[in-house]
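Please open the model in your viewer and keep the selection panel at hand. The stops below go from one place to the next, saying at each what to select and what is found there.

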Amino acid sequence: MVSKTEESLLRQLENQVENGGGGAWEYLSLVRKLKLRRSDKVLKHGLILLNDPKKRSALGPDEWTLYEQVAIAALDCQCLDVGKDCIKVLQKKFPDSKRVGRLEAMLLEAKGSWAEAEKAYTSLLEDNALDQVISMRRVAMAKARGDILGAIDWLNKYLEIFMADHDAWRELAEIYLSLQMYKQAAFCYEELILAQPTIPLHHLAYADVLYTIGGLENLQTAKKYYASTIELTGGKNTRALYGVCLCTSAIAQLTKGKNNEDKEISKLAAAALEKDYKQISPDKVSLLGSALKTMKLQ
Amino acid sequence: MSNGGDCRYVIHQNAYIKLVLHALNHKTSAVNGVLLGRLSGEVVEITESVPLFHSSQIGLLPPLEIALITIEEYYSSQGLSIVGYFHANERFDDLELGSVARNIADHIHRYFPQSAVLLLDNRKLGALRNKKDAAPIMQLYTRDSSKSWKQVESTGTSRLTTKEPSANIVLLDFISSNKWSDIVDFDDHLDDISKDWLNSGLFK
């Protein structure tokens, strides 16, 4: 997960690099640090650095990290020759390296040679059963082949060992969502909220899933989690503000207005939305007004 | 007519291009969008489109409901209604209309009984540069009396066409100039309400 400051720094560097303003190494390092998927840009600017012998030697030992980063980006963009070349360079420098072995297996994956890639990963895991990245590759391969149930299986096995990997829990939740297995997705978000109770994104996602499942109790709980998201984000999360309004409207519809639901919070949320739109997106204020009216009338 | 059984669907260039550019802007995830237009006799004219979401939480109701309420509100004042749904799968070789897409399509069907579902055909998108084809690079699905979405085979006269015959040429032009990076969808708007999901400046 990327913070807002990191995101604006990234965008700034990206613009700079794309418009010939230099800073390629800073950009590539930031992408690596934040573990983002910007393969087309990484490939383009990484290759420029690598193909310039002066710039390459200026990197010192980081040169090899760049070869690895560009190799992976090349595989992602299906530029298999570039990937192969980078991997060859690394093989020469680090023979018998497990890390390079992993790249070789990823090349097999990119080629679609699934069985060979599977063999490569299995043998790599024999020597190091607790390698997280390789275990994750199994999940990625299953997903890429369209074997979603297999991906779930591998991911669950992975989480039994690495249960503190929050990204993995999020990935599992998202896979469940793609299969409309909402209760299972909700369970994942519950784990995430327990592990990281102050991360608003987990509260928001949980609320979204509960609302999607539906039913009075879930709607009431969803409303609570939208509220906690609003609290954790200082009222700045548009989705949570909308969420509170949706919940109030849906609950009123379900109970035909016959309950003592707290409408105060949705009035506050609506007011906050109106204030934000007036300030930031004034041409859409009247549209917001009619949308909120539709929800109250429902 | 109570279903899309015999309708033809004509999609305007801008609506068509916007949807494909949206998919290209988010190559690593599924994307979807809403089709807007009107019924003229036996032809459904798709005159506009709004790109909706690209996050991996595409199947969740709250953002979808907000989007549909807002979009319907905006376009009904222009005499247009929601007439269909666009979906592009996450994986390159996945040409199936999955359950999430079908569910959202059912939701949209309630707005408009002759609604169409358009699924991006990645192979055709990839082949576009080499094969000069005027046919839209999407598969058409309509809902029959069995209440399930069935693909309409494009044999003989196609039931899905672009209004402007050169739409694919214009699309290729936009692709080569990386126009897809300018597309704003509803997800972007919810993350930053200064972003305009109407994409009003896109084709100027």
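**A helix pair in chain B**

Begin by selecting helix α1 (residues 13–25) of chain B together with helix α5 (residues 167–176) of chain B, whose axes come within 10 Å and cross at roughly 35°; axes here are lines fitted to C-alpha atoms, for helices over the stretch in contact, with angles running from 0 to 180 degrees between N-to-C directions, and helices are DSSP runs (H or I, at least four residues) numbered from the N terminus. To see the contact (heavy atoms within 4.5 Å), show B:Q13, B:Y16, B:I17, B:V20, B:L21 and B:L24 on α1(B), and B:A167, B:N168, B:V170, B:L171, B:F174 and B:I175 on α5(B). By class, this contact of α1(B) with α5(B) has 10 nonpolar, two polar and no charged residues.

The model is a predicted one, in which local features need pLDDT of at least 70 and side-chain atom pairs count only at pLDDT 80 or more, while totals for chains, interfaces and linings use all residues. Residues are numbered from 1 along each chain as its sequence is written, chains are lettered from A and ligands numbered from 1 in the order in which they are written, and side-chain values use heavy atoms, with hydrogens and water left out.

**Between the chains**

Next, display both chains and select the residues in contact, of which 33 come from chain A and 30 from chain B. Chain A and chain B bury about 2800 Å² between them, 60% of it on carbon and sulfur atoms, where buried area is the accessible area (1.4 Å probe) that two parts lose on being put together, summed over both. Within chain A, pick out A:R239, A:K284 and A:L287, which lose the most area to chain B and together account for 22% of what that side buries.

Four salt bridges are counted between chain A and chain B, each being a side-chain nitrogen of Lys or Arg within 4 Å of a carboxyl oxygen of Asp or Glu. Zoom in on B:E90 and A:K143, whose side chains meet in a salt bridge at 3.6 Å, N to O.

**Inside chain A**

Finally, select A:K44 and A:E18, which form a salt bridge with their closest N and O atoms 3.5 Å apart. This pair links distant parts of the chain, 26 residues apart, since A:K44 lies in helix α3 (residues 39–50) of chain A and A:E18 in helix α1 (residues 4–18) of chain A.

Note on methods: Helices (H or I, at least four residues) and strands (E, at least two) are DSSP runs, numbered from the N terminus. Ala, Val, Leu, Ile, Met, Phe, Trp, Tyr, Cys and Pro count as nonpolar, Asp, Glu, Lys and Arg as charged, and the others, Gly among them, as polar.
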